[in-house]
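Colleague: I would like to learn how to read a model of this kind feature by feature, with the general idea before each case. Could we begin with how the elements are named, and then move on to the ligands?

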Amino acid sequence: MTVKPMVPFALVLEFRSGKLEPHTSRIVRRVSDLRGAFADSAALEALVKDGDPVVYEVLQYDVPEETGQLICCTTVLHSGSVGDEYFMTKGHYHAVRDTAEVYLGLSGQGYLLLMTEEGGISAMPMSAGTVAYVPPRWAHRTVNTGEEPFVFFAVYPGQAGHDYGAIQESGFNQRVRRGTDAPVLR
Ligand code: PAN
Ligand code: ZN
């Protein structure tokens, strides 16, 4: 069997907006796509009725989903909240658990929440210039705690895949809420 070699390529990443050109896929997640993720489901349904705003977008340059490849993408997580809980991503484990990921903060601010199936727990604040390492086996979710979009770039192994089901069933072991003067992490 002959493997067709890939051609090198360069992409243009706009740090402030997270615009990645070219990209081959764009995922848009609205409040209605995050049913079950936020504690206040009545507040969520009210937002869905009131226009179902976009919570985040992911721009990705797809390469073959196989060992040896690296996938590059940006996430633009908008500012907002459902009840007193800040807008956040669905969160996932990688389907192939032994795969890591690197996040690079580009603009805005937020938190990266992490947990393991054995009850491990971690949270790190992120802003422009933060390089966060997600080790293999750690589920990860980001939260926008600022008034501007929270934008970050990510690189992860081609074979990783995404397992959303485990988080949908068990939930995440941390939440970030709007406090009187600062975000409250619990
Ligand atoms: C990121 C995430 C992205 C959206 O690219 O996929 O921020 O979050 P969800 O996938 O949890 O909806 C990543 O971690 N990729 O592996
Ligand atoms: Zn990931």
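Modeller: Strands, labelled E, are DSSP runs of at least two residues and are numbered from the N terminus. In this structure, which is a predicted model, Gln60 belongs to strand E4, covering residues 54-61.

Colleague: Is Gln60 buried or exposed, and which side chain does the side chain of Gln60 meet in a polar contact?

Modeller: A residue counts as buried under 20% relative accessible area, and Gln60, with a value of 10%, is therefore buried. Its side chain makes a polar contact of 2.9 Å with the side chain of Asp62, and, leaving out residues up to four places away in sequence, Gln60 also touches several others, including Leu20, His23, Cys72, Cys73 and Tyr156.

Colleague: Turning to the metal, which residues are the protein donors of the zinc ion (ligand 2), and why is the arrangement called octahedral?

Modeller: In general, six octahedral donors have ideal angles of 90 or 180 degrees. Here the protein donors are His92, His94 and His140, each through NE2, together with Glu101 through OE, at 2.1 to 2.3 Å from the zinc ion. The arrangement is octahedral because the six donor atoms around the zinc ion subtend angles of 75 to 174°. His92 sits in the loop between strand E7 (85-86) and strand E8 (93-94), whereas His140 sits in strand E13 (residues 139-144), so this pair ties together parts that are 48 residues apart in sequence. His92 counts as buried at 9% relative accessibility, and His140 counts as buried at 2%.

Colleague: How many residues surround ligand 1, and which polar side-chain atoms lie by its oxygen atoms?

Modeller: Ligand 1 is surrounded by 16 residues, the closest being Tyr56, Thr75, Glu101, Tyr103 and Tyr164. A polar side-chain atom of Thr75 lies 2.8 Å from an oxygen atom of ligand 1, one of His162 lies 2.8 Å from an oxygen atom of the ligand, and one of His94 lies 3.1 Å from such an atom. Taken alone, ligand 1 exposes 390 Å², and the protein buries 97% of that area.

Notes. Residues numbered from 1 in each chain as written. Chains lettered and ligands numbered in written order. Predicted model: local features only at pLDDT ≥ 70, side-chain atom pairs only at ≥ 80, totals over all residues. Heavy atoms only, no water. Donors = N, O, S within 2.8 Å, 3.2 Å for Na, K, Ca; no water. Tetrahedral: all angles 85-135°; square planar, octahedral: opposite > 155°, others 65-115°. Helix = DSSP H or I, 4+ residues; strand = E, 2+ residues; numbered from the N terminus. Buried < 20%, exposed > 50% of the residue type's maximum accessible area, 1.4 Å probe, protein only. Near = heavy atom within 4 Å. Polar contact = N/O pair within 3.5 Å; in protein donor to acceptor, adjacent residues only side chain to side chain. Areas by Shrake-Rupley, 256 points an atom, 1.4 Å probe, with all protein chains shown as cover. Contact = heavy atoms within 4.5 Å.
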